[in-house]
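Hello,

Here is the structure I promised to pass on. My notes follow below it.

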Amino acid sequence: MYAITLRKDHVIPPFEIINTLQGAYRDINIKVEELDFDRDYTHEDPFPVTKHNSEQISKDFKMVFKKVCDFYNA
C-alpha cells in the first residue's frame, strides 16, 4: 500500500493519515509520502480546472500519478 498526503490538507491532515496507516508507534510498514504543491489547493480540489496556473496544475497531476504508477510497477 502507498499513500500520498498533502501538507495543506485540512480535511484529513497528513499526521492523521500517518497515524492511521503506520500506527501510533510507526510500526506498520506502509509508505506515506507528504507532498506540498507550490500553489493553492484544497483537499476537495487538488487539481482545479482553471486557466490560472494550468501548466503547474498539469505538472503536479502528472507527478502524483507517475509516483502511483511507479509504485505499482515496482
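Is Phe65 buried, partly exposed or exposed? Phe65 is partly exposed, with a relative accessible area of 39%. Buried means under 20% relative accessible area, exposed over 50%, and partly exposed in between (1.4 Å probe, protein chains only).

First, the ground rules. This is a predicted model: local features need pLDDT of at least 70, side-chain atom pairs count only at pLDDT 80 or more, and totals for chains, interfaces and linings use all residues. Residues are numbered from 1 along each chain as its sequence is written, and side-chain values use heavy atoms, with hydrogens and water left out.

**Aromatic rings**

Rings of Phe, Tyr and Trp (its six-membered ring) pair if their centres lie within 6.5 Å; planes under 30 degrees apart count as stacked, over 60 as edge-to-face and the rest as tilted. By this rule there are seven aromatic pairs. Phe47 and Phe61 have ring centres 5.2 Å apart and planes at 85°, so this pair is edge-to-face. Phe47 sits in the loop between E2 and helix H2 (54-73), and Phe61 in helix H2, so the pair ties together parts 14 residues apart in sequence. Helices (H or I, at least four residues) and strands (E, at least two) are DSSP runs, numbered from the N terminus. Phe61 is partly exposed, at 41% relative accessible area. The rings of Phe47 and Phe65 have centres 6.5 Å apart and planes at 50°, so that pair is tilted. Phe37, Tyr41, Phe47, Phe61 and Phe65 form one aromatic cluster.

**Helix H1**

In H1 (residues 14-22), the buried residues are Pro14, Ile17, Leu21 and Gln22. Gly23 follows H1 and has a positive phi, near 85°.

Best wishes
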